[in-house]
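Dear colleague,

Please find below the structure that I am handing over to you, together with its sequence. My findings follow directly after it.

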Amino acid sequence: MTASTVQINEVRAAVDAAIDELQQSLRKINHEIWSNPELAFEEHHAHDTICSFLENQGFAVTRHAYGLKTSFEASSGSGGRLINFNAEYDALPGIGHACGHNLIATSSITAFLALSFALKKFGIPGRTRLLGTPAEENGGGKALLIDAGAFQNVDICLMAHSGPKKLFPGQEPADGIAGTLMNARKNIHCEFQGKGAHAGGNPWDGVNALDALVMSYNNVAVLRQQLMPEQRVHCAFMDTPKIANVIPSYTKAFWQVRSPSLGSLNALVARVRHCIEAGALATGCSVQINEDELYTDVRLNDVLCERYQVHMDHYGRKVLKRHDKVLTASSDIGNVSYVTPTLHTMFGIPTVDKVFPHHPAYTESAGTDEAHTEALLVGKSLALIGWDMLTNDALFETAYRQWKEEIERED
């Protein structure tokens, strides 16, 4: 049997049958992850739960892959191109899976199982892999995995993130958006060093590190008037005085800067640095500034978006091909999209009106049976895109060419 003799309807029917048999097991995994939220690099229960399930299904699994304790790798197939699915499973402090990473894991596990089954059933050359990618919320797990070589031989990377059915203001409700632009992001850490003194007795001898921090914050607040609509700057005060009668000698802050492209991000980061440095200069403090954890913007691929739209349509879901407005969130999947052709689709789940990921109420939405059902359909569709990319050389070559042109495009 060759790929040209297998009809996509046959593949879809086989995928449906295989996943239907595993539906209860997949629901259990989803619930295990959702009900045991774990933070970045601490996703031990999720890691072990998924790995044990895959091993019980007969897959060879590498636990603690690529030097990360909560990453894993499972592969199947032989020859041909490699299709990678990313599984995220980290949660948020205090609000659990308010970003629905349990659904990301569920859809990617489903996709890996479905494509593995199809390749085996029809005897088609091709490889597929499920990669556990921890610490998306904080820590940049995918960036670390890139550095460790995890994406070096990947031909196509696919995953899906849940969200409300109305993701953008003014958008018609839909079952998802195949291609969604996202902001690039960088972290800035700053520490101000001054000189301590008694606030009542001899304040004139002090150099106030709190003043430096407050002035830098106010400088950025003024800068916000000149930001582009999609740009964002956030700040958290990490170390500040705990008493009032001392001129503080030390303060610390953590900033996140977001912009739609790497070029505009670098320009904005430079302006934020100037605001921080100005606070230090005005107060006589010294400042140490460190930048880390770059999340790039997401490079969209029209071929992958179109195939997702087509396959979801067969499951009765209305999906927009792409949305040109930038979703001002950020993800380390952007970094992957600079390494290999990538799809990071957004799929809709039932939510309370005006509730978005990172809202406490979204946690409940991510744990429902209805959300699980959508994750399974999305996983099947991702598997079918993988089938397209393995069996249709012309389609793959077009997707690859588009990706090369996109990453070389000047912003």
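Predicted model: local features only at pLDDT ≥ 70, side-chain atom pairs only at ≥ 80, totals over all residues.

Strand E14 covers residues 342-348, runs parallel to E5 and is joined to E5 by seven bridges. E5 also pairs in the parallel sense with strand E3 (residues 82-87), here over three bridges. Within that pairing, Asn84 has Cys157 of E5 as its bridge partner.

Strand E5 itself spans residues 156-163, and eight of its eight residues are buried. In a regular strand, side chains alternate between the two faces of the sheet. In E5, Ile156, Leu158, Ala160 and Ser162 point one way, while Cys157, Met159, His161 and Gly163 point the other way. Residues on both sides of E5 are buried.

Where does E5 stand in the order of the sheet? The sheet is open and consists of eight strands in the order E1-E2-E4-E3-E5-E14-E6-E13, which places E5 between E3 and E14. The pairing in this sheet is mixed. Strand E1 (61-63) and strand E13 (320-327) form the edges; each has a single partner strand, and therefore one side of each has no neighbour in the sheet. From one strand to the next, the twist averages 25 degrees.

An antiparallel pairing occurs between strand E2 (residues 72-78) and strand E4 (residues 126-132), which are joined by six bridges. One of the residues involved is Ser76, whose bridge partner in E4 is Thr128. Helix H3 (residues 44-56) lies across E1, E2 and E4, and runs at about 160 degrees to E1.

I turn now to the domains. The chain is divided into domain 1, made up of 8-182 + 297-409, and domain 2, made up of 184-293. Taken over C-alpha atoms, the centres of domain 1 and domain 2 are separated by 37 Å.

How many residues of each domain are in contact with the other? Domain 1 contributes 11 residues, and domain 2 contributes 10. The area buried between the two domains is about 830 Å², and carbon and sulfur atoms give 48% of that area. On the side of domain 1, Asp297, Thr328 and Ser330 supply 53% of the area buried against domain 2, more than any other three residues.

With kind regards

Terms used:
Residues numbered from 1 in each chain as written. Heavy atoms only, no water. Buried < 20%, exposed > 50% of the residue type's maximum accessible area, 1.4 Å probe, protein only. Helix = DSSP H or I, 4+ residues; strand = E, 2+ residues; numbered from the N terminus. Pairing = 2+ DSSP bridges. Axes fitted to C-alpha atoms, helices over the stretch in contact; angles between N-to-C directions. Contact = heavy atoms within 4.5 Å. Domains from an automatic or database assignment. Buried area = accessible area lost by both parts, 1.4 Å probe.
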